[in-house]
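Please keep the structure in view while reading the points.

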Amino acid sequence: MRWEGDRQSDNVEDRRGEGGGGGGFGFGGRSIGIGTLVIALVGGWIFGINPMTILGLLSGGAPQQVSQQQSQPRQAPANDRESQFVRTTLAYTEDAWTQVFREQGAQYQPAKLVIFDGSTGTACGRGQSATGPFYCPADSSVYIDLSFFRTMQQRFNVEGEFAQAYVIAHEVGHHVQNLLGISNKVHAAQQRASETQGNALSVRLELQADCFAGVWAKRTNKEKQILESGDVETALNAASAIGDDALQRQSRGVVVPDSFTHGSSAQRVRWFQRGLESGEVSACNTFEARQL
């Protein structure tokens, strides 16, 4: 992945080395995550969304504008390659989603991204490395312990910076859902859904975030030519490795489709590819898709 020398976002807060260890995760808010260990985090929240309440953006209309106050992020003190990569990737998402929202006559409000070690405070409670990367809608922030990228390599045999960028873009996809009002509809719908229905609807939410990551990749590559040979394959490998069926097979030895909350490997790959091929948010309407 070609990224060196491009703009780096100022919306990154580096908390590494601050020593926030220990403690269980406190559910003071609602969070959205990406991988196997985040099921404990998202399972208590993302239980559904009314398929009929799709935002105007998904059908070509203008998205809602959400007014949110965000604290001023501090400049990341470190300047290592990892932090530079994260800041550059976040800048790519800012540029891509600013363009998407502008096309619909709206203004994109960037997410903040927090890098941490071990654990850290969030508006959704205590965030821990074991949770994996996650998005907290209460403070419009993505949280990630960069050791997760090493876990991807060691546990899932997924390597490459574009695969790491896909992870970040997926979480930013949840931020976009939050700005569009989808997240609030999910929270409201979970109050009425059964567990099985809620899980199925949660899958649609997660697959949409995968599709949004594909939209980001398509648009960023068009503007910046970031993709190198093999990059797309690494992202597809990442999407496949964190499918619910693959994770359950690895951890339990059996697959229970009714308990899926993020989608199967094939589904995650399919929806990322759909966004990557189209570059359009309208292609990401998982809630009206008859087949995922």
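The charged end of Arg274 sits over the ring of Trp271, at 4.0 Å from the ring centre; a charge sits over a ring if NZ of Lys or CZ of Arg is within 6 Å of the ring centre and within 35 degrees of the ring normal. The model is a predicted one, in which local features need pLDDT of at least 70 and side-chain atom pairs count only at pLDDT 80 or more, whereas totals for chains, interfaces and linings use all residues. Residues are numbered from 1 along each chain as its sequence is written, and side-chain values use heavy atoms, with hydrogens and water left out.

**Aromatic rings**

- Six aromatic pairs are found in the whole structure, where rings of Phe, Tyr and Trp (its six-membered ring) pair if their centres lie within 6.5 Å.
- Phe134 and Tyr143 form a stacked pair (planes under 30 degrees apart), because their ring centres are 5.2 Å apart and their planes meet at 15°.
- Both Phe134 and Tyr143 are buried, a word that stands for under 20% relative accessible area (1.4 Å probe, protein chains only).

**The largest cavity**

- There are two cavities of 30 Å³ or more, a cavity being a set of points on a 1 Å grid over the protein atoms alone where a 1.4 Å probe fits but cannot get out.
- The largest cavity has a volume of about 40 Å³, and a volume is the space filled by probe spheres set on the points, which are joined across faces, edges and corners.
- Its lining residues (those with an atom within 4 Å of a point) include Phe148, Met152 and Ile242, and the lining divides into eight nonpolar, no polar and no charged residues.
- Helix α3 (147-156) and α7 (231-241) each supply at least two lining residues of the largest cavity, with the largest share, three residues, coming from α3.

**The second largest pocket**

- The second largest pocket holds about 150 Å³ of space, a pocket being an open set of points with protein on both sides within 12 Å along at least five of seven lines.
- Among the residues that line this pocket are Thr196, Asp258 and Leu292, and helix α6 (residues 195-224) gives the most, with four residues.
- By class, the pocket lining has five nonpolar, four polar and one charged residues.

**Glu13**

- Glu13 lies in strand β1 (residues 12-14) and counts as buried at 9% relative accessibility.
- A polar contact (a pair of N or O atoms within 3.5 Å) of 3.0 Å joins the side chains of Glu13 and Arg15.

Technical notes. Nonpolar A, V, L, I, M, F, W, Y, C, P; charged D, E, K, R; others polar. Phe/Tyr/Trp six-rings, centres within 6.5 Å; stacked < 30°, edge-to-face > 60°. Buried < 20%, exposed > 50% of the residue type's maximum accessible area, 1.4 Å probe, protein only. Polar contact = N/O pair within 3.5 Å; in protein donor to acceptor, adjacent residues only side chain to side chain.
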